[in-house]
Protein chains: 2
Amino acid sequence: MLSKAIIKLVRSLDQKKIRVEKKLFVTEGNKIVSEIINNQLPITYLVATKEWIVKQTKLPKTEIIKVTKSELKQISFQKTPQQVLAVCNIVNKELHFSDLKNELILALDNVQNPGNVGTIIRIADWFGIKNIVASLSTADIYNPKVIQASMGAFVRVMVHYVLLEKFLVKMKSENNLPIYGTTLQGKNIYNQKLSSRGIIVMGSEGNGISENIMKILTKQLYIPPFIAGAPPNESLNVAIATAIVCSEFRRQQNL
Amino acid sequence: MLSKAIIKLVRSLDQKKIRVEKKLFVTEGNKIVSEIINNQLPITYLVATKEWIVKQTKLPKTEIIKVTKSELKQISFQKTPQQVLAVCNIVNKELHFSDLKNELILALDNVQNPGNVGTIIRIADWFGIKNIVASLSTADIYNPKVIQASMGAFVRVMVHYVLLEKFLVKMKSENNLPIYGTTLQGKNIYNQKLSSRGIIVMGSEGNGISENIMKILTKQLYIPPFIAGAPPNESLNVAIATAIVCSEFRRQQNL
């Protein structure tokens, strides 16, 4: 049965302040919770229906709170909750700069929509990008909406929150890493030789890459619209643009 | 001022049945409503704040209901409504099969999430795809969530709801159009010669392309994950996959 304390705790984890204070976050749904169990990430409470519990071949060594579907609905952040919700521990991972020298890395400059950040984590996972750096103003990876949109990919992809400008300057000068960015003035991405190492900066939904970061870019890229005449008064969603850019980097790398 | 009748009308347009009956749909936000006005699409009511009205250089010849921000919030489908909402007329457009012979067309096979359908319309617009055909089970283009996610691109991209299997068979046999589909068994998309005309089928979020449609495909494509060893137990969101596929078709066409 659900205690009032658990209800209150889960609901409060919608707020970043509380997540940071308690070092906890919420994940939901059969697929994502399975990923967490299989990857042996620490779980504080597992809230599950009887139907979910009986289906498991291996249950984690943690407190399991058996609930009815309607009890689960009471605490879920989802409109149509599935059968399980896990309160997980935030494990802080250190960023090792030397690990990043020979990789492709995504940098998020003030990407604020949690759904976009989660989707970008999922894209990174597909394209074998293991590290994402994000400005402090980017949506928090432990926001329930980010976790859900990532569909469990956050288990494999690290997101590091950094002072982005400082980080990029350091990576550029110390490791001679190319810093790519998609901008409206950039060169047609399909005609550019893209490196298998470097940082790809994606800008915010409303304003693109911020001015101070623009100055650090070594190559500006552009995804050309396919229309006759002038480009439309349009843009691509940042997650969609990220997918196209990652696809093109990886396509060239496999040639 | 907002009458009770208008409040009731707008709210009811969340339902497809009512939209079909009244031939009306709702759009919101400064950008999307501007697109509608600029494209001279028929508007039945414009519900706007004073701030929005005074900024317009040209107002459409339609009934304008001046409201306060809190009144707008009362009828908006958005969490944080902007300054304007328009109740627009559904204009049925006929599908001319002969127009589709030399184009690239997207076909949606049971794509159910309205956000995905709207995002796909926006992607189609960017990549110059003018026509989308969709199975009858695909989310309705006039669903407020589809309209919002499309960011106004629905003004330029036609979405035709058809008996998809019958449509594809007809297009394949009569026009000799290639029918592409992304599947798990498909060939690496980056190594395939892609045509500048044809139909690209995208499957549903949960189940991919349905069995009866699979049989009609002339070429199966696959977006390879970039990881060492076996592919992960993962997939790409259907809108993300659509973006990558469209990008690769258009890249090859521009070579």
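## Interface between the chains

In this predicted model, 24 residues of chain B are in contact with 24 residues of chain A. On the side of chain B that touches chain A, two helices each supply at least two residues: α6 (114–126) and α10 (238–253) of chain B. The greatest contribution to that side is from α10(B), with 7 residues.

By residue class, the side of chain B that touches chain A holds 14 nonpolar, 5 polar and 5 charged residues.

## Relation of the two copies

Two copies of a chain are related by a rotation about an axis and a shift along it. Here chain B is superposed on chain A by a rotation of 180 degrees, with 0.0 Å of shift along the axis and an RMSD of 0.0 Å. The chains are therefore related as by a two-fold axis.

## A β-α-β unit in chain A

Within chain A, strand β6 (residues 131–135) and strand β7 (residues 158–162) run parallel and are joined by 5 bridges. One of the residue pairings is that of I132(A), whose bridge partner in β7(A) is V159(A).

Helix α7 (residues 144–150) of chain A belongs with these strands: β6(A), α7 and β7(A) make a β-α-β unit, and the unit is right-handed.

Methods:
Residues numbered from 1 in each chain as written. Chains lettered and ligands numbered in written order. Predicted model: local features only at pLDDT ≥ 70, side-chain atom pairs only at ≥ 80, totals over all residues. Contact = placed C-beta atoms within 7 Å. Helix = DSSP H or I, 4+ residues; strand = E, 2+ residues; numbered from the N terminus. Nonpolar A, V, L, I, M, F, W, Y, C, P; charged D, E, K, R; others polar. Least-squares fit on C-alpha atoms with pLDDT ≥ 70 in both. Pairing = 2+ DSSP bridges. Right-handed = clockwise from strand over helix to strand, strands pointing away.
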